[in-house]
Amino acid sequence: MINLYEVSQTNHMIESENLDVRTITLGISLTDCISDSIDVLCKRIYDKITRLGRDLVKTGEEIEKEFGIPVVNKRVSVTPIALVGASACKVEEDYVRIAKTLDKAAQDIGINFIGGYSALVPKAMTPAEEMFIRSIPKALSVTECVCSSVVAGSTRTGINMDAVRVMGRIVRKTAELTAAEDSIGCAKLVVLCNAPDDNPFMAGSFLGVTEGDSVINVGVSGPGVVRHALEGAHGMSFAELCDMIKKTAFKITRVGQLVAGRACEMLDVPMGIIDLSLAPTPAVGDSIADILTEMGLEHAGAPGTTAALALLNDQVKKGGVMAASYVGGLSGAFIPVSEDASMALSAANGTISIEKLEAMTCVCSVGLDMIAIPGDTSETTLSGIMADEMAIGMVNGKTTAVRIIPVIGKKAGERAHFGGLLGDAPIIPVGKGDCSEFIGRNGRIPAPIHSFKN
Amino acid sequence: MKKAVITVVGKDSVGIIARVCTYMADCNVNILDISQTIVDGYFNMMMIVDITEVDHDFAGFSGKIIEIGEELGMDIHCQREDIFESMHRI
């Protein structure tokens, strides 16, 4: 039987170390909503999301009460809208109408984000997809909850540089249209390489075309719990350090598995995956950078950071895999700068640069995430940064993404404020040098060779 | 059998257990195990209880227990046992 020590350990994790279930994301397929008529399409989309998602928030809240653990976000992801809207949308404004429909549905069921205003163009774009991508800045500026993503490369297809070039322009345009709120639109826009179909985390969440009609994917978290565990690991060997992370990740993930199972039962929706992630929040102590410090680095960005992060990322997966029936999504440690108070502090002090962050993305989950950069960054430089990150993902066969925010009207050294879970961040400089001729080339970077790994 | 864990933490005073247990008895909730310590004047109790009778409205039951805790000035939690079993047992 459970003993007092175990009970108080669990409750201490929840109360003092920010253990929570980060998100229950309900994936909803919209393929059966497709129509030639934009009116019919929007009505079907609204009806389906509100029908299947009606009880999502209530379910999350009930689970919180049953197990005494916060379920921070309840969200919905849908089939990429570029596909769903292809036959109905004749002009960009039609796609924006779908975005507004998604936004209304999200607000009516009480969720804070809906993902899937997305296009999958890792190899090439159809005319509809091109039109969809052009609609993104407007769509993000007139909606609150809609998140957008564009998959612009993969290990199997190479990198669609035409899409990367366009996305530089789109990110810049989105920043300009939401300039009044520190270009917050870009915080809801991500460019991905090797995107998974079952990612529960925003902004890159969409329900892939390989998925069923509806599915529950759950993202767990708990950087604070890992950091606390490692307080007792000073002076220990790497083997002992790794064991400690694995044990903690196991415990965190088991909670996610329990919550996912209960949510599926209550909503009568099949279970998808558990995303084994360490996702920081701006709350004190809920930080990946703090874990790195606890492991023995003076601050995030110091020499040894990439190695420490690689170790952390791998142990989180090793510990979590055994705790969950199905694992997927982005699984790993996230390093979003604005959402991690200590990481943001390192960036403000100049002890971590965008180049070091890029190196870190080679070994951890996702990529250049929630990084505020000067507002005068050119669209070709934005595309260059994206291309670099896509290349890391493509060559290493991992998911990478770019969610950078050129904060219009602000320069390096100033701060951008996004609020809530998005936090705030210092604006850090980007590398100098022009890449416009390289980015200006048409076509795609071919898929890499899978042999001669050097 | 469905089980829950009730924990009560706070400054020691007269009648804490009586108050919580009276409500549980009213709800037909049986105590399976109880352990209690006092550290530096702080009351620390854990009960494992059978919630089969209140399973259909567990949120209502636990909400009321938390309310009682607030009245007593104690920090009371009432959680399904599954969260602890999941976390601490393979």
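Q: Is A:Gly431 buried, partly exposed or exposed?

A: The model is a predicted one, and the class of a residue follows from a count of neighbours. A residue is buried if 20 or more other C-beta atoms lie within 10 Å of its own, and exposed if 12 or fewer do. A:Gly431 has 13 C-beta neighbours inside 10 Å, so A:Gly431 counts as partly exposed. Its place is in the loop between β14 (424–426) and α15 (436–440) of chain A. The C-alpha atoms of A:Gly431 and A:Glu355 are separated by 7.9 Å, although the two residues are 76 apart along the chain.

Q: How many residues of β1(A) are buried?

A: Eight of the eight residues of β1(A) are buried, so this strand is largely enclosed by the rest of the structure.

Q: Which strands pair with β1(A), and in what sense?

A: Strand β2 (residues 71–78) of chain A runs parallel to β1(A), and seven bridges join the two. Here A:Ile28 has A:Val78 as its bridge partner in β2(A). Strand β7 (residues 214–220) of chain A pairs with β1(A) in the antiparallel sense, over seven bridges. In that pairing, the bridge partner of A:Thr23 in β7(A) is A:Gly219.

Q: Which residues have the most contacts inside the largest nonpolar core?

A: The general idea comes first. In soluble globular proteins, nonpolar side chains tend to be buried together. In this structure the largest nonpolar core has 180 residues, and those with the most contacts inside it are A:Ile114, A:Ala152, A:Met167, A:Val259, A:Ile371 and A:Ile405. The largest share, eleven residues, comes from α9(A). The core draws at least three residues from each of domain 1 (24–193) and domain 2 (218–441) of chain A. Leaving aside residues up to four places away in sequence, A:Met167 touches A:Val150, A:Ala152, A:Val191, A:Ser383 and A:Met386.

Q: How many residues of chain A are in contact with chain B?

A: The size of an interface is often given as the accessible area lost when the parts come together. Here the description is by residues: 18 of chain A are in contact with 21 of chain B. The elements of chain A that give two or more residues to its side are α1 (4–16), α3 (56–67) and α9 (238–267). That side divides into eight nonpolar, four polar and six charged residues.

Q: What is the order of the strands in the open sheet of chain B, and why is one side of each edge strand left without a neighbour?

A: The sheet has four strands in the order β2-β3-β1-β4, with antiparallel pairing. β2 (30–39) and β4 (75–80) of chain B stand at the edges with a single partner strand each, so one side of each has no neighbour in the sheet. Neighbouring strands are turned by 10° against each other on average, direction ignored. Strands β1 (residues 3–11) and β3 (residues 42–50) of chain B pair over nine bridges, and B:Gly10 stands opposite B:Phe43 in β3(B). Helix α2 (residues 58–72) of chain B lies across β1 and β4 of chain B, running at about 165° to β4(B).

Methods:
Residues are numbered from 1 along each chain as its sequence is written. Chains are lettered from A and ligands numbered from 1 in the order in which they are written. This is a predicted model: local features need pLDDT of at least 70, side-chain atom pairs count only at pLDDT 80 or more; totals for chains, interfaces and linings use all residues. Two residues are in contact if their C-beta atoms, placed from the backbone, lie within 7 Å. Ala, Val, Leu, Ile, Met, Phe, Trp, Tyr, Cys and Pro count as nonpolar, Asp, Glu, Lys and Arg as charged, and the others, Gly among them, as polar. A nonpolar core is a set of buried Ala, Val, Leu, Ile, Met, Phe, Trp, Tyr and Cys residues joined through C-beta atoms within 7 Å. Domain bounds come from an automatic or database domain assignment. Two strands pair if DSSP finds at least two bridges between them. Axes are lines fitted to C-alpha atoms, for helices over the stretch in contact, and angles run from 0 to 180 degrees between N-to-C directions.
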